Amino acid sequence: MSGQKWSTTEIQFVHDNIPTMTQEQVAHALGRSLDSLQSKIKSLRADGQLSADITRTRKGIHAQLPPTINKTFTTTCKRIAIIGDTQLTSRFQQLTHLKHFYNLCSDEGITEVYHLGDLADGDGYVYPGQIFELFIVGVDNHLNYIAENYPVIKGIKTRVIAGNHDDSYFKRAGFDFLSNLSITRPDIEYLGRYSAYINIAGTDVRMYMMHPSKAGAYALSYHPQKICEQFSSENKPQILALGHVHVGLMLPLYRNIIVLQAPCFQSQTPYLQAKGLWPMVGGIILDLAIEDNSIVMVKPEFRMYYKMIEKDY
């Protein structure tokens with residue numbers, strides 16, 4: 001295709017995406033060689049149609065250092081919802097089930113949903129071939145799609161940490177995706193990269209939200225147990241909420257920590273299929289009773305979805 005004339009649509013795509021995508025990504029998305037793209041960029045610059053500074057800042061797009069990890073936040077709620085790995089922009093996302101879960105939360109009087117990372121499926125280069133699992137490419141397209149389609153329920157705030165897929169935009173282009181999403185979606189509060197502490201109901205009871213990098217072991221509880229073992233006494237939470245694994249799990253008490261691992265909202269991808277892994281789709285509604293800064297009752301309700309929807313976008 002490199003010998004073909006450039007269309008107006010292709011040139012506009014270059015203008016829109018070269019500030020936030022690598023040249024390799026733009027060339028791949030257009031189906032052109034890297035040499036062809038670089039030649040076109042050179043001619044556009046010579047004609048004054050493209051800035052020489054391809055890292056320029058555009059309205060609403062800010063290259064910035066992500067927030068520090070392990071910041072502490074507060075909630076007044078004793079009844080919350082926990083989800084993770086919604087992976088929006090994936091061809092295998094389960095948006096209908098996600099919206100149903102938010103409606104269920106509204107019916108149950110939930111006002112805060114805690115998202116354990118990978119709200120987005122990433123830039124397409126998290127692992128080899130991932131870009132072919134996306135139904136749209138480009139950070140602007142991803143940002144606009146998610147801002148328009150992530151569930152909006154009056155009275156519900158989503159509080160989210162970044163997972164490895166969310167962080168892919170920053171690693172490749174210096175773009176903090178969730179920070180920018182929270183600008184256009186004030187109901188989504190960004191808590192930082194990979195982890196955050198939440199003080200619950202104005203007490204000293206803490207929940208530690210985490211999107212770990214490890215997944216897969218001989219037992220589902222192996223990595224959660226190892227994480228629990230690493231906490232020093234002053235940093236140890238009462239609740240450990242984990243994402244990333246796409247499989248739900250509860251350990252009632254391990255080192256006096258209640259461990260909850262969230263299911264996901266993405267059906268089996270080719271990546272998971274090749275590894276022989278099946279995800280669990282759903283979310284958690286968590287009820288707590290707290291007395292004297294201790295959890296005396298915990299009641300998690302796992303809401304599962306078993307019928308996957310193809311092309312749910």
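Buried here means under 20% relative accessible area, exposed over 50%, and partly exposed in between, with a 1.4 Å probe and protein chains only. I kept in mind that the model is predicted: local features need pLDDT of at least 70, side-chain atom pairs count only at pLDDT 80 or more, and totals for chains, interfaces and linings use all residues. Residues are numbered from 1 along each chain as its sequence is written, and side-chain values use heavy atoms, with hydrogens and water left out.

I then checked phenylalanine 177. It touches Ala120, Val139, His142, Leu143, Ile146, Asp166 and Tyr169, leaving aside residues up to four places away in sequence. Contact means heavy atoms within 4.5 Å.

**Helix α5**

Which residues of α5 (139-149) are buried? I noted Val139, Asp140, His142, Leu143, Tyr145, Ile146 and Ala147. The buried residues of α5 pack against α1 (8-17), α4 (95-107), α6 (164-173) and α7 (177-184).

I looked at both faces of β3 (residues 112-115), and both are covered. Glu112 and Tyr114 are buried on one side, Val113 and His115 on the other. In a regular strand the side chains alternate between the two faces of the sheet.

Strands β2 and β3 pair in the parallel sense over 3 bridges. Two strands pair if DSSP finds at least two bridges between them. Isoleucine 82 stands opposite tyrosine 114 in β3. From β2 the chain crosses through α4 to β3, a right-handed β-α-β crossover. Right-handed means that, with the strands pointing away from the viewer, the path from the first strand over the helix to the second runs clockwise.

On to β4: 4 bridges join it to β3, and the two run parallel. Arginine 159 in β4 is the bridge partner of tyrosine 114. The crossover from β3 through α5 to β4 is right-handed.

**The open sheet**

I traced an open sheet of 6 strands in the order β1-β6-β7-β8-β10-β9, with mixed pairing. Its edge strands are β1 (72-75) and β9 (249-254), each pairing on one side only. Inside it, β6 (residues 195-200) and β7 (residues 206-210) pair antiparallel over 5 bridges. Tyrosine 197 has tyrosine 208 in β7 as its bridge partner.

Helix α8 (residues 222-230) lies across β7, β8 (239-242), β9 and β10 (257-261). It runs at about 35° to β9. Axes are lines fitted to C-alpha atoms, for helices over the stretch in contact, and angles run from 0 to 180 degrees between N-to-C directions.

**Cysteines**

How many disulfides are there, taking a pair of cysteine sulfur atoms within 2.5 Å as one? I counted 0. Cysteine 264 is in no disulfide; the nearest cysteine sulfur, that of cysteine 105, is 16 Å away. Cysteine 105 is buried, because its relative accessible area is 0%. Cysteine 264 also counts as buried, at 0% relative accessibility.

Conventions:
Disulfide = S-S within 2.5 Å.
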